[in-house]
Amino acid sequence: MFGIPNEANAAFGPQAEPDSVDIQAISLGFQQSGVQTGCGVTYTAGFVIAVAAGTMMWAATPAVVAGGALTVGAANLTSPRFDLVVSDNGGNISVVAGTPSSAPVFPALPATSVPLAAIYVPAAVGTLAASN
């Protein structure tokens, strides 16, 4: 399930504000697309995250998500960014990198993909944290 954190639980305040990706994720449910089971995303270490196995739906057609480890790109030296962890309609998982900015926004959700998690990548960090 793709959730919007409360501001107190967000690593970066604007992460708690609804935006176009949140609305897109909600509208996918009306199209019978989204996570069916599993697919939880957890922080591992450094810039590595783990996606649990599960099932996602695209237009009412199920796809098995095998899960696995993904590496988030290194932090920009001067500006933060938001990345998305997604699964496409074939069950393939990936990280969609956002654009570093002093006021970052989420990257566009790729066609035929559902969001699994959003990650805040602070500027100039050598490792992420579970709260990102």
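## Reading the core and its aromatic cluster

Tutor: Let's start in the middle: the largest nonpolar core has 27 residues, and Val 72, Leu 84, Val 85, Leu 116, Ile 119 and Val 121 touch the most other members. Bear in mind that this is a predicted model, where local features need pLDDT of at least 70 and side-chain atom pairs count only at pLDDT 80 or more, while totals for chains, interfaces and linings use all residues. Residues are numbered from 1 along each chain as its sequence is written, and side-chain values use heavy atoms, with hydrogens and water left out.

Student: What makes a set of residues a nonpolar core?

Tutor: In soluble globular proteins, nonpolar side chains tend to be buried together. A core here is a set of buried Ala, Val, Leu, Ile, Met, Phe, Trp, Tyr and Cys residues joined through side-chain atoms within 4.5 Å. Buried means under 20% relative accessible area, exposed means over 50%, and partly exposed is in between (1.4 Å probe, protein chains only). Of the 132 residues in this protein, 37% are buried.

Student: Which elements give two or more residues to this core?

Tutor: Helix H1 (20–30), strand E3 (48–51), strand E5 (61–65), E7, E8 and E9 do. E9 supplies the largest share, 6 residues. Helices (H or I, at least four residues) and strands (E, at least two) are DSSP runs, numbered from the N terminus. There's 1 helix and 9 strands in the protein.

Student: What does Val 72 touch?

Tutor: Take contact as heavy atoms within 4.5 Å. Leaving aside residues up to four places away in sequence, Val 72 touches Phe 47, Ile 49, Arg 81, Asp 83, Val 95, Ile 119, Val 121 and Leu 128.

Student: How many aromatic pairs are there, and how do I read one?

Tutor: You describe a pair of aromatic rings by the distance of the centres and the angle of the planes. Rings of Phe, Tyr and Trp (its six-membered ring) pair if their centres lie within 6.5 Å; planes under 30 degrees apart are stacked, over 60 edge-to-face, and the rest tilted. Searching the whole structure turns up 2 aromatic pairs. Phe 82 and Phe 106 have ring centres 4.3 Å apart and planes at 25°, so that pair is stacked. Phe 82 sits in strand E7 (residues 81–88) and Phe 106 in the loop between strand E8 (93–96) and strand E9 (113–121), so the pair ties together parts 24 residues apart in sequence.

Student: And what about Phe 82 and Tyr 120?

Tutor: Their ring centres are 5.5 Å apart with planes at 55°, so this pair is tilted. It links distant parts of the chain, Phe 82 in E7 and Tyr 120 in E9, 38 residues apart. Phe 82, Phe 106 and Tyr 120 form one aromatic cluster.

Student: Where is Asp 83, and what are its polar contacts?

Tutor: Asp 83 is in strand E7, and at 0% relative accessibility it counts as buried. A polar contact is a pair of N or O atoms within 3.5 Å; within protein, one must be able to donate a hydrogen and the other to accept it, and residues adjacent in sequence count only if both atoms are side-chain atoms. The side chains of Asp 83 and Arg 81 make one of 2.7 Å. A polar atom of the Asp 83 side chain also lies 2.8 Å from the backbone nitrogen of Gly 98.
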